[in-house]
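Here's a quick look at a ligand site and the pockets that go with this protein. Have the structure open while you read.

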Amino acid sequence: MSSKTKDQIIYLDNNATTQVDPAVFEEMLPWLRDEYGNPSSAYSLGKHAAKALETARDRVAHLIGCESREVLFTSCGSESINSAIRSALLIDPDKQHIITSSVEHSATQKLCDHLAKRGYEITWLPVDHDGNIDLEKLEKAIRPDTAIVSLLWANNETGVLFPVEKIAEICKRKHTLLHIDAVQAVGKVPMKISELPIHFLSLSGHKLHCPKGVGSLFISKKVRFTPWLIGGSQENNRRGGTQNVASIIGLGKAAELASHHIHEETTRVRKLRDRFEAAILEAVHGSSVNGDLIHRLPNTASIAFKGIESEAALMLLDEEHIYCSAGSACTTGSVHASHVLKAMGMSDTRARGSLRFSFGRFNTEKQIDRAIEIVPRVLEKVHRVSHSNSPVHMH
Ligand code: PLP
C-alpha cells in the first residue's frame, strides 16, 4: 500500500479488528528477534521470557480487574469461548443444558449449534427490538441441569450492552456458571471482574490494538477448569502448548494502553461516533439507528438505510478508502441478512440495508469530517443505481 493511500484510509471498522498500536509493535519486537527463549526452559533465556509473560498477565489482570493467576492466555477470543463452555460441560457431565442468546458472536453460536447436534440442549434467549434480553426469561430458563450461561457483554454488530451485573446476580442466585463474551467490551467499558460473580470472561487482542491470534480467558479462582488443549504443563496446566510469547507480550502492552485510554474511549471516541451518527441521520433520509441508543458501546453506530444493499455500499465506500461493515454477509454467492438484526425482529430488507461504523483510538476529527461528506454521497449513488426509476431522497 502506498503511503498516499495509507493517509487516505478512513478505518471505521474497529469492531472487526484494530490497527496495531506502534507501542505494542515496539514492545513485541525483541521477543521476535533476540529473546527467543522458551518460557518453560530452566536457564536464564527461558526464565526471562517466563517473567515477561507474567508482566503481560499482570497487565491484562489490571485491565479487567482480577488476579493475575486468573488470566489464561489463548490464541483468540473464539478459543477462549470454546475453552470456557467446553470446560463447564466436561467438569459436570450430568449437566447437558446451555443457555445463550440469539445475538451471540458465531464463536458461541456455532459452538452451541455443534453441541446441539451432539445431544446437548440449548436455550436461545430472544432479544427485543432494541437488542435487549429479558432477565425474567433468563431466570426462568435456568434449570438444575444447566451447565453454563454464556452471554455477550457488548454486541459486535450493534454495540448493545447486556446488563452483566444483573445477569451475574441471577446466575449466582441460581448457582449456575456464567461465561461472558467481553471481546468487544474490554478496553471500551470499565470493568472490575473481581466484584462480579462471573466465572469466565473472554477477550481478544486484535480488538485492542494488538496483532491477531492472541486472546485471554479469565477463569475465576473459585471454579474448576479442565483444559481444552491437552499438552504440556504451560499456563499452570490449563492450556498445553508453548505460549506465543511475542503476541502475549503485545497483548500485555495493549492492555496497559487500554487501561490508560479507557477514559478517552468513552469521551473522545464517543464524541466522534455521535457527531458522525447525527450527521448521517440528518443527511440520509429515512436512516435510523439499530439497537438501544443508551445501553451501547461508545464506539459503535449500526445504521439502517432505506433502499440500499449494504454489500454494494461497501464496494463503493472501498473505492473512497472508507472501511466499515455490512449488516449482511455474502457466503457462497448469496447474501444473508445478519442473524443479530434478524433476531431483533428486523426485516431482511432493513438488515441488508444496514451498515456498521465502529470508531477507535486512531480516528481523527478530520477523518470524521471527510466521512460525513463522502458517506451520504456514496449512499445516494448506491440508491440511484439500484432504483434508477424512483426518486432519490437524500438531503
Ligand atoms: N466475540 C465477539 C463479540 C467478537 O466480536 C469476536 C470477533 O469478532 C469474537 C468473539 C472472536 O474473537 P477472535 O476473532 O479473537 O476469535
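What follows covers the ligand, then the pockets.

## Before you start

This is a predicted model, where local features need pLDDT of at least 70 and side-chain atom pairs count only at pLDDT 80 or more, while totals for chains, interfaces and linings use all residues. Residues are numbered from 1 along each chain as its sequence is written, and side-chain values use heavy atoms, with hydrogens and water left out.

## Who surrounds the ligand

There are 13 residues around the ligand, and those that come nearest are Ser 78, Asp 181, Gln 184, Ser 204 and Lys 207. (Being near takes a heavy atom within 4 Å.) By class, this shell holds four nonpolar, seven polar and two charged residues. For the classes, Ala, Val, Leu, Ile, Met, Phe, Trp, Tyr, Cys and Pro count as nonpolar, Asp, Glu, Lys and Arg as charged, and the others, Gly among them, as polar.

Helix H4 (residues 77-91) supplies the largest share of the shell, three residues. Helices here are DSSP runs of H or I with at least four residues, strands are E runs of at least two, and both are numbered from the N terminus.

## Polar pairs and cover

Look for the oxygen atoms of the ligand. A polar side-chain atom of Lys 207 lies 2.5 Å from one, a backbone N or O atom of Gly 77 lies 2.8 Å from one, and an N or O atom in the side chain of His 206 is 2.9 Å from one. On its own the ligand has 390 Å² of accessible area, and the protein covers 89% of that (Shrake-Rupley method, 1.4 Å probe).

## The largest pocket

The ligand takes up the space of the largest pocket; sitting there means that more than half of its atoms lie within 2 Å of the grid points. A pocket is an open set of points on a 1 Å grid over the protein atoms alone, where a 1.4 Å probe fits, with protein on both sides within 12 Å along at least five of seven lines; lining residues have an atom within 4 Å of a point.

The volume is about 720 Å³, counted as the space filled by probe spheres set on the points. Of the 37 lining residues, His 105, Ser 106, Asn 156, Glu 157 and His 339 are closest to the centre. H5 gives the most to this lining, with four residues. The lining divides into 12 nonpolar, 19 polar and six charged residues.

## The second largest pocket

About 370 Å³ of space lies in the second largest pocket. Its lining includes Met 1, Lys 6, Tyr 11, His 209 and Phe 362.

Definitions and conventions:
A polar contact is a pair of N or O atoms within 3.5 Å; within protein, one must be able to donate a hydrogen and the other to accept it, and residues adjacent in sequence count only if both atoms are side-chain atoms.
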